[in-house]
Amino acid sequence: MATSSVPPLSRGFQLQNYTIARLLSAGGFSIVYLAHDENDYPVAIKEYLPNSLELRREGDVLVQVTSENNSAMFRHGLKCFFEEGKTLARIHHPNIVRVINFFRANETVYMVMEYERGRTLQKEIQLRRDQEGVSENLIRHVFFQVLNGLREVHLHKLLHLDIKPANIYIRKNMTPLLLDFGSARQALSGEHSRLASMYTPGFAAPEQTHHQDPLGPWTDIYGIGASMYACIAGRPPPSAEHREK
């Protein structure tokens, strides 16, 4: 699990009609919680929280931008995150994370998603590393369905921009689910180049590291290829910069 320097919302916190149960993951851009609605239905809630731009003190719930200089960057990322949530809410595909609600609260934005049980493809790779590796049948099964879902995403004029085994979730019934879209992260780092780059070396296409080259569906296809490589080799491919050299 990635770490965040910003304290998460506490267990039992009431966020509209959702009650926070526990922290699921945290990173430099967002925090994800397990929560339950008023009918005790489990959901995953992602909170927009780039910790390089904003601050929430221990015991507080409101998100505050650390400085006036960061205010424009924060608002730009907030807008992209909100638009991403709106687009994902219109996509109904069995292999794409289902967004069921999104709203503003505590001076930030929250994206509510269906909670799924299973494990990531990254975990699958780790478990099979000392054995025969990920089987060809599983690779074909997973990526055939992920590519079908990705086609639907691209038809809605949305890019994922962070495809990697850690963002491909394998449900209990072995069907894959594409998680954690990085469009808003990429827009934030691309719009304001002084921010730390928000991509994963090895899985990011060359145009994500250069910033001057256009992004497109081909950028996601690079992530698919890199993820398939990781399944076969048991490790990520070299970074795009290293491969270019």
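The model is predicted: local features need pLDDT of at least 70, side-chain atom pairs count only at pLDDT 80 or more, and totals for chains, interfaces and linings use all residues. Residues are numbered from 1 along each chain as its sequence is written, and side-chain values use heavy atoms, with hydrogens and water left out. Helices (H or I, at least four residues) and strands (E, at least two) are DSSP runs, numbered from the N terminus.

- β1 is joined to strand β2 (residues 18-26) by two bridges, and L15 stands opposite Y18 in β2.
- The hairpin of β1 and β2 has two residues between the strands, and Q16 there takes a positive phi near 55°.
- Six bridges connect β2 with strand β3 (residues 30-36), and these strands run antiparallel.
- The bridge partner of I20 in β3 is A35, and the hairpin that β2 and β3 form has three residues between them.
- Strand β4 (residues 42-48) runs antiparallel to strand β8 (residues 108-114), with five bridges joining them; I45 has V112 as its bridge partner in β8.
- β7 and β8 also pair in the antiparallel sense, over six bridges, and R104 stands opposite V109 in β8.
- In the hairpin of β7 and β8, two residues lie between the strands, and N106 takes a positive phi near 55°.
- As a general point, side chains in a regular strand alternate between the two faces of the sheet.

- The structure holds seven aromatic pairs. Rings of Phe, Tyr and Trp (its six-membered ring) pair if their centres lie within 6.5 Å; planes under 30 degrees apart count as stacked, over 60 as edge-to-face and the rest as tilted.
- Why is the pair of F82 and F102 edge-to-face? The ring centres are 5.1 Å apart and the planes stand at 80°, so the pair is of this kind.
- F82 belongs to helix α1 and F102 to strand β7, so the pair ties together parts that are 20 residues apart in sequence.

- Strand β10 (residues 168-171) is joined to β11 by three bridges, and the bridge partner of I170 in β11 is P176.

**Pocket and cavity**

- On a 1 Å grid over the protein atoms alone, a cavity is a set of points where a 1.4 Å probe fits but cannot get out, and a pocket is an open set with protein on both sides within 12 Å along at least five of seven lines; lining residues have an atom within 4 Å of a point.
- Grid points are joined across faces, edges and corners, and a volume is the space filled by probe spheres set on the points.
- The second largest pocket holds about 160 Å³ of space, and its lining residues are G118, R119, T120, Q122, K123, Q126, A166 and Y169.
- β9 (118-120) and α2 (121-128) each supply at least two residues of this pocket's lining.
- By class, the pocket lining has two nonpolar, four polar and two charged residues. Ala, Val, Leu, Ile, Met, Phe, Trp, Tyr, Cys and Pro count as nonpolar, Asp, Glu, Lys and Arg as charged, and the others, Gly among them, as polar.
- There is one cavity of 30 Å³ or more, and the largest cavity has a volume of about 70 Å³.
- Residues lining the largest cavity include L161, Y199, F203 and D220; helix α6 (residues 217-233) gives the largest share of this lining, three residues.
- The lining of the largest cavity has five nonpolar, four polar and two charged residues.

How values were computed
Two strands pair if DSSP finds at least two bridges between them.
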